[in-house]
Amino acid sequence: MDEKELMILAKRGDHTALARLYQDNFEFLIKYLLKITMSRDLAEELAQETMLKSIEKIKLYNGKAKFSTWLISIATNLYIDLVRKQKRQRNWQQAEQQSFRKLKWETESRNEEWNDTLTALGNLSEDVRIPIMLKHYYGYSYEEIGRMLQISSGTIKSRIHNGINAVRKELKLDEAESQIKQSRS
Amino acid sequence: MKRKVRSNSPDREEHNETICAIQQSLQSLDDQYKADLPKIQWFEQMVIGEKERLRKKLIQDISLFGFIAMLILSLVIFSLYKVPIVFFIAQGAVILWCLLFGVIRFVKQVNLNER
């Protein structure tokens, strides 16, 4: 049974069809959340919250976008709301840094690679990191990202541009490029 | 499930190296994480449980709404027949409150869009 058929059944109230859709998209959702939150615990918690929210909103899903796209737009908005709420608390930044360091430590302790680009991405604010990922990793258009985050595509474009410049600066790619040019001349 | 990344964006041409580094680092994070996929029964239980919770919440909300509506209606009818002056003051107060609420929301929205 393909996604569209499952979707039709799920909208009619079929529990099994909806459960199948969640199972099929669970890994995608959790990996997406891991990348935007940079925290394993938070990603797992938000994945569950996303599924619960989507059960409530299932009748509003029009089926134009893929189910995974719909799920990640719910997940993104849940994460943005959470960040807004937690930013009001004094220790938010500290907690964010802590979870980021934990993920880095977990990765390194498994003898797996943690590179500077991930650190640079982790240092970006979520309203810059998310559009960069959606555009350059998941391949969504500026308009699609704008619809997901409920902001204009122009704003998305400038956030992505500034974010990439920030990553470039942190990775010191400009310096490396000028050194190559100097050595050539 | 990742889409094919389009290569025609202006950023892509300008910062190809940075974008490639970003893609590789995110890919490595994707490859490292192995999510424990729960069984279909777990998802089914979650769906059934949440639908039941939503159904109970809906009944609760409708009951509360009905009770408050009846209470307000009773008070309005009582004041109209027994103390008409209170009825007219209440009418005026409600209209004033609606106007003020509308204006404050509009101003907030304008400020938010200007930011």
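**View 1. The largest pocket of the predicted model holds about 660 Å³ of space.** A pocket here is an open set of points on a 1 Å grid over the protein atoms alone, where a 1.4 Å probe fits, with protein on both sides within 12 Å along at least five of seven lines, and lining residues have an atom within 4 Å of a point; a volume is the space filled by probe spheres set on the points, which are joined across faces, edges and corners. Of the 25 lining residues, A:Trp70, A:Ser73, A:Ile74, A:Asn77 and A:Met148 are the closest to the centre. Helix 4 of chain A supplies the largest share of this lining, nine residues, where helices are DSSP runs (H or I, at least four residues) numbered from the N terminus.

**View 2. Chain B meets chain A through 40 residues of chain B and 57 residues of chain A.** Contact means heavy atoms within 4.5 Å. Across this interface one salt bridge is found, a side-chain nitrogen of Lys or Arg within 4 Å of a carboxyl oxygen of Asp or Glu: B:Asp30 pairs with A:Lys35, with the closest N and O atoms 2.7 Å apart. Helix 2 of chain B contributes the most to the side that touches chain A, with 13 residues.

**Notes.** Residues are numbered from 1 along each chain as its sequence is written, and chains are lettered from A and ligands numbered from 1 in the order in which they are written. In this predicted model local features need pLDDT of at least 70 and side-chain atom pairs count only at pLDDT 80 or more, while totals for chains, interfaces and linings use all residues; side-chain values use heavy atoms, leaving out hydrogens and water.

How values were computed: Helix = DSSP H or I, 4+ residues; strand = E, 2+ residues; numbered from the N terminus.
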